[in-house]
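Good morning, and thank you for making time for this presentation.

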Amino acid sequence: MKGLYLWSLLAVLSFSCKDKSGSVSDSVKEEPFVYDMYQPSEMALLMEEMYNHGLKTKQDIIDGKQPVDFPLEFLKIHSAEFSKGKGRNEIFDNFSKLFIETQKQVYETDTEIDLKDRHNNSVNVCITCHQTECTGPIPRIKKLLIQ
Ligand code: HEC
């Protein structure tokens, strides 16, 4: 029973991200087809890019390669537009700064800190920020962690 409860809770949470953006119920009333034309926001597209890049970085690190170029497009996190109904706030701004800082550390070469730990630190900032407002993608993001 407990497990079932947890799963339904997770199911609800995983929708919380899009629901806030989504006046889906409103659109259904006025424009029945809007529902099928979900347009990811600039921020959502950037996040997907960060996810894919994270997968590549993870593989590089596992293969013993030092990632070389900090992806400058990640800086768009400071300006990209959100889905409708969402917006920037102080918590987001603080976590996005921390995320950029920890990302840059992955590309540093004169440091004593283990590359794997630097990568995982940064992924943990993704997860922590997501815990504050967009929990849906967390299980996916966790796949970026190097065990
Ligand atoms: C500063 C907070 C923050 C950080 C850091 C952050 N995210 Fe996000 N993420 C968000 C928010 C807010 C959204 C919802 C954006 C929207 O709907 O416009 C989002 C959306 C997403 C989505 C869903 C995109 C879609 O298709 O709707 C994925 C996947 C994602 N993030 C992955 C990541 C990954 C991977 C990282 C780290 C490499 C990361 N995020 C770092 C706040 C953050």
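Which side chain has an N or O atom 2.8 Å from a nitrogen atom of the ligand? That side chain belongs to His130. The pair is a polar contact, meaning two N or O atoms within 3.5 Å; within protein, one must be able to donate a hydrogen and the other to accept it, and residues adjacent in sequence count only if both atoms are side-chain atoms.

Let me state the basis of what follows. This is a predicted model, in which local features need pLDDT of at least 70 and side-chain atom pairs count only at pLDDT 80 or more, while totals for chains, interfaces and linings use all residues. Residues are numbered from 1 along each chain as its sequence is written, and side-chain values use heavy atoms, with hydrogens and water left out.

I turn to the overall architecture. The protein has six helices and zero strands, and its pattern along the sequence reads α-α-α-α-α-α. Helices here are DSSP runs of H or I with at least four residues, strands are runs of E with at least two, and both are numbered from the N terminus. Of the 147 residues in the protein, 32% are buried. Buried means under 20% relative accessible area, exposed means over 50%, and partly exposed lies in between, using a 1.4 Å probe and protein chains only. Contact means heavy atoms within 4.5 Å. Among contacts between residues at least 6 apart in sequence, 69% join residues at least 24 apart.

Next, the metal. Met47, through SD, and His130, through NE2, coordinate the iron atom of the ligand at 2.0 to 2.2 Å. This pair links distant parts of the chain, with Met47 in helix 3 (residues 42-62) and His130 in helix 5 (residues 115-133), 83 residues apart. Donors are N, O and S atoms within 2.8 Å of the metal, or 3.2 Å for Na, K and Ca; water is not among the atoms, so sites may look incomplete. Why is the arrangement around the iron atom of the ligand octahedral? It is octahedral because the six donor atoms subtend angles of 85 to 179 degrees. Six donors count as octahedral if opposite donors are over 155 degrees apart and all others between 65 and 115.

The two coordinating residues may be taken in turn. Met47 counts as partly exposed because its relative accessibility is 24%. His130, at 11% relative accessibility, counts as buried. Leaving out residues up to four places away in sequence, His130 touches Met47, Thr135, Pro137, Ile138 and Ile141.

What else surrounds the ligand? There are 26 residues around the ligand, of which Met47, Ser83, Cys126, Cys129 and His130 come nearest; a residue counts as near if one of its heavy atoms lies within 4 Å. Ser83 has a side-chain N or O atom 2.6 Å from an oxygen atom of the ligand, and for Lys86 the corresponding distance to an oxygen atom of the ligand is 3.4 Å. Two or more residues of the shell come from each of helix 1 (2-21), helix 3, helix 4, helix 5 and helix 6 (138-141). Helix 3 gives the largest share, six residues.

Cys129 lies in helix 5 and is buried, with a relative accessible area of 12%. Beyond its neighbours within four places in sequence, Cys129 is in contact with Phe92 and Phe95.

Finally, helix 4 (residues 90-106). This helix has 17 residues and reaches 25 Å from its first C-alpha to its last, close to the 24 Å expected at 1.5 Å a residue; the expected span is 1.5 Å times one less than the number of residues. Gln103 has a relative accessible area of 11% and touches Phe70, Phe74 and Ser122, not counting residues up to four places away in sequence.

In helix 3, one further residue deserves mention. His53 is found there and is partly exposed, with a relative accessible area of 23%. Setting aside neighbours within four places in sequence, His53 is in contact with Pro71, Phe74 and Tyr107.

Technical notes. Tetrahedral: all angles 85-135°; square planar, octahedral: opposite > 155°, others 65-115°.
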